[in-house]
Amino acid sequence: MATIDPLPPLTAKRLEALHREGFVLLPGVLDGMGIATLRNAIDQLKPRHWDYSGLLDHYKCVFNRDPLWLPFLDLPGVIELAEAALGDDCHIIGQTAWRCHPGFVGLEPHLDYLVVELPQSLLADPGFTLPMQICTVQIYLDDIDASLCPTLVIPGSHRAGRRPVKGESHWKGRPAQPVLCCAGDALMFRSELWHAGSSNLTADRSRYLVQVHYGRRMVAQKFSPYLHWQFNPEVLAAATPRQRRLLGEHEEAEYD
Ligand SMILES: O=C(O)CCC(=O)C(=O)O
């Protein structure tokens, strides 16, 4: 019978936090060189397809622009957790780059995707483990203080089994908490977690951010503009086997 290797203790602890709290902060996933590389790469981007610019510059599927983006799909410390949460055949469903400028207004509390509406009787049972289908990692490229768009997370709300209603920012007495962190830190959260963006209250700083969305192999990839999507051959040629799998090169399975 095949044996399954136990997870390294740090990954196991982080996975446990994703199950218990719905999110986990991963300190120092990028060093100064990685931060500078990404900030500079974001500054070179021009909007395409469904991207938009203004108080928020938002660029989608940035991995397809240049091989430079590939190492940020499977950063050490992040990819082990994504694979532990979503299976070692998980893939990316997107990678976005953001610049939130002074005056940017943050997003209201929301969840990204509720896989299934389950009853509270089940979700409140500590013996019930709710499997994950999609997780996002947000890699911060600035020191985040209260005035520079901290992400807000509502601990435990992934077990609410529903979306927050307008103005709702607590779950079971636990309020939204700002994620204050350093440039190079990353926040991993599951798609059912209630979270929010907050506004850029600074006069002269922009928040630079990269998101990677990971999904189980059966979760569809969101590569807009869909029917017109084409992989960049330079990116495919430069990708490692693991990065190619994250881009969608899978072994044959059901429905293939
Ligand atoms: O701006 C943020 O930090 C939160 C982003 C967010 O809520 C989202 O992408 O769903």
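Glutamine 133 is partly exposed, with a relative accessible area of 23% (buried means under 20%, exposed over 50% and partly exposed in between, using a 1.4 Å probe and protein chains only). The structure is a predicted model, in which local features need pLDDT of at least 70 and side-chain atom pairs count only at pLDDT 80 or more, while totals for chains, interfaces and linings use all residues. Residues are numbered from 1 along each chain as its sequence is written, and side-chain values use heavy atoms, leaving out hydrogens and water.

Glutamine 133 belongs to the loop between α4 (120-123) and β4 (134-140) (helices are DSSP runs of H or I with at least four residues, strands are runs of E with at least two, and both are numbered from the N terminus). Between glutamine 133 and valine 115 the C-alpha to C-alpha distance is 7.4 Å, with 18 residues separating the pair in sequence.

Oxygen atoms of the ligand lie 3.1 Å from a polar side-chain atom of histidine 195, 2.7 Å from one of arginine 207 and 2.9 Å from one of glutamine 211. Of the 300 Å² of accessible area that the ligand has on its own, the protein covers 93% (areas come from the Shrake-Rupley method with a 1.4 Å probe; for residues, only the protein chains shown count as cover).

Note on methods: A polar contact is a pair of N or O atoms within 3.5 Å; within protein, one must be able to donate a hydrogen and the other to accept it, and residues adjacent in sequence count only if both atoms are side-chain atoms.
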